[in-house]
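Student: I would like to learn how to read a model like this one. Can we take it feature by feature?

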Protein chains: 2
Amino acid sequence: MKVVAFAGGVGGAKLVDGLARCLSPQELTIVVNTGDDFFHFGLKICPDLDTVCYTLAGLANPETGWGRAGETWNTLRALEALGAPSWFRLGDQDLATHLERTRRLGEGETLSEVTSFFCARWGIAPRLLPMSDDAVQTIVETDIGDLSFQEYFVKHRFEPGVRGFRFEGAAQAAPAPGVLEAIFACDVVIFCPSNPWVSIDPILAVPGIRQALLRAKVVAISPIVGGKALKGPAAKMFAEIGIPPSAQAVALHYGSLLKGFVFDRLDAEEEVEIRSLGLQTLVTDTVMQTIPDRQRLAQEILTFVQREFLP
Amino acid sequence: MKVVAFAGGVGGAKLVDGLARCLSPQELTIVVNTGDDFFHFGLKICPDLDTVCYTLAGLANPETGWGRAGETWNTLRALEALGAPSWFRLGDQDLATHLERTRRLGEGETLSEVTSFFCARWGIAPRLLPMSDDAVQTIVETDIGDLSFQEYFVKHRFEPGVRGFRFEGAAQAAPAPGVLEAIFACDVVIFCPSNPWVSIDPILAVPGIRQALLRAKVVAISPIVGGKALKGPAAKMFAEIGIPPSAQAVALHYGSLLKGFVFDRLDAEEEVEIRSLGLQTLVTDTVMQTIPDRQRLAQEILTFVQREFLP
């Protein structure tokens, strides 16, 4: 089965890791949100690419889900001693990723090329693509003004009320090489349980991607469980936009793009309404606390796809 | 006594530290070579400024003379794991300096402003100025082609034969704010025992500085002792340029800029010839192995200046 997975941060990384444990490397292409990317201290930082890569490489911090296992913070402490901004937690090992990415981009490599190099170094076998090699910046429009995503998410701990979103540069961006081809060639596109507003929507905002999906079978996994996000501001964003957060709200958000929808047993009561949207559904345990959880959920999703969509 | 000290790397930093222990902060202005500055991984690195600052702040690694005491190398190890260039030894704490400098320059601060901020943070009381806020790049012309100073010095361990030097950008550079004023107002300018070719000459190449020195009393301390450099390629450079390295060769190199010259007892036999150049001389122990050595040498130089030049 040929699978394309769209992923953002921690939740997406976990499911992608599960998929990588169920599929051969040739069967899986991962498209990662780069709307969170930003420059900090002159370095290009790609939080979602890093989270997905560290997770797939087995380098991720199992406690936080982001950053690296066994990380040290000596540079950050020295930055704090200088009174430098320390809201973005730069670990010593993580810094090497930002430094080498910045150096390679400065030598003219594209983000795809750098990502491909890192994946080879880290022994990541599936194909992993940034959504675009062009700069797209997710702006969160809030009560205290426009904030870049990292400012909103990390610096302001997603406390400001959200009014809307925009993806600066998206209209001029092109999908990274291989993204559209992978979508056209795949059996299913899986929207990982990532934040619809700021992890999946930026990918959909890159011209050509949404249109390519019209010909694909798309299955989304709800990041909202029991009306709450497992992590991060997804539920809060729905509420502030004026939509009660629920699995159904996620399905409605993606609308006619979807053919299938996977959501948690905790929300089983929503199944009738979700099916009434014309969607095939899978109700299961979607919370991935352990690595076996990731593999089990991925396998269930693949079995569901096989049964419902692949003749 | 108002003193201006021109300094490069480790030797210069040691004498400047000695001077700072003998003079009140108001009496000492330090002008530091920035011809070694370069960009690495997108970060602005100023090796001589860092060495002088770390030394004055008591943060320097006492074994190496460069870098920071108690340094760790976690980022560098992660860079090596990525196959990234690791010839420039980036310590975890040292990295914070480069990161915050790069960030502040990116926000529009000048190198002088950043340096002044760092000095305040690190409790460095004397005035410390980069030679210029404009980019000047020391190029070492070698048998294997032109090399930036750090490439020559660190990457190639100063092995290639030297044919000449040039200071790119110097003609368009201006002295940093305060440099000329300090020279005009001082009683003596001290050329620290730094490399004449690549530590002091870049400072002299900044338009206006050499001319300002014509009105000043300049005393140089020889970095050549017993025909050898204590550290680094100064003696090798003299030899490759075709000049037998000696204290006298250093005095001749600076020529008519000098009024006084300080050199080691080991070279005492050169005194007659050096005095025949019209220079007042001080022959003493110039090798600074301990912190008391720095203070003792600095005090001897100041006493010599007082006796010979200040009526």
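Student: Let me start with one residue. In which helix does A:F117 lie?

Tutor: Keep in mind that this is a predicted model. A:F117 lies in helix α5 of chain A, which covers residues 111–121.

Student: Is A:F117 buried, partly exposed or exposed?

Tutor: Count C-beta neighbours. A residue is buried if 20 or more other C-beta atoms lie within 10 Å of its own, and exposed if 12 or fewer do. A:F117 has 16 inside 10 Å, so it counts as partly exposed.

Student: How far apart are the C-alpha atoms of A:F117 and A:S199?

Tutor: They are separated by 23 Å. Along the chain, the two residues are 82 apart.

Student: Now the whole chain. How many helices and strands does chain A have?

Tutor: Chain A has 13 helices and 14 strands. Its radius of gyration is 18 Å, close to the 19 Å that the globule rule gives for 311 residues, so chain A is as compact as a globular protein of that length. The C-alpha trace spans about 55 × 45 × 40 Å along its principal axes.

Student: What share of chain A is buried?

Tutor: Buried residues make up 52% of its 311 residues. Look at contact range too. Of the contacts in chain A with a separation of 6 or more, 68% join residues 24 or more positions apart.

Student: How do I read a sheet?

Tutor: Strands of a sheet pair through backbone hydrogen bonds, either parallel or antiparallel. In chain B, seven strands form an open sheet in the order β5-β2-β1-β9-β10-β13-β14, and the pairing is parallel.

Student: Which strands stand at the edges?

Tutor: They are β5 (127–130) and β14 (280–284) of chain B. Each has a single partner strand, so one side of each is left without a neighbour in the sheet. From one strand to the next, the twist averages 20°.

Student: Which residue stands opposite B:A220?

Tutor: B:F261, in β13(B). Strands β10 (218–221) and β13 (260–264) of chain B pair in the parallel sense over three bridges.

Student: Which helix lies across β9, β10 and β13 of chain B?

Tutor: Helix α11 of chain B, residues 247–254. It runs at about 160° to β13(B).

Student: What is an antiparallel case in chain B?

Tutor: Take β6 (137–142) and β7 (145–148) of chain B, which pair in the antiparallel sense over four bridges. They form a hairpin with two residues between them. B:V140 stands opposite B:L147 in β7(B).

Student: How do I relate two copies?

Tutor: Two copies of a chain are related by a rotation about an axis and a shift along it. Here, a rotation of 180° with 0.0 Å of shift along its axis superposes chain B on chain A, at an RMSD of 0.0 Å. The two copies are thus related as by a two-fold rotation axis. The same surface serves both copies, since 100% of the contact residues of chain B recur in chain A.

Student: How many residues of chain B touch chain A?

Tutor: In chain B, 21 residues are in contact with 21 residues of chain A. The elements giving two or more residues to that side of chain B are α3 (74–81) and α4 (92–106). α4(B) gives the most, with nine residues. By type, the side divides into nine nonpolar, eight polar and four charged residues.

Student: Which residues of α3(A) are buried, and what covers them?

Tutor: The buried ones are A:N74, A:T75, A:L76, A:A78 and A:L79. Their cover includes α4 of chain A together with α3 and α4 of chain B. α3(A) is followed by A:G83, whose phi is positive, near 75°.

Terms used. Residues numbered from 1 in each chain as written. Chains lettered and ligands numbered in written order. Predicted model: local features only at pLDDT ≥ 70, side-chain atom pairs only at ≥ 80, totals over all residues. Contact = placed C-beta atoms within 7 Å. Nonpolar A, V, L, I, M, F, W, Y, C, P; charged D, E, K, R; others polar. Least-squares fit on C-alpha atoms with pLDDT ≥ 70 in both. Pairing = 2+ DSSP bridges. Axes fitted to C-alpha atoms, helices over the stretch in contact; angles between N-to-C directions. Rg over C-alpha atoms; globule rule 2.2 N^0.38 Å.
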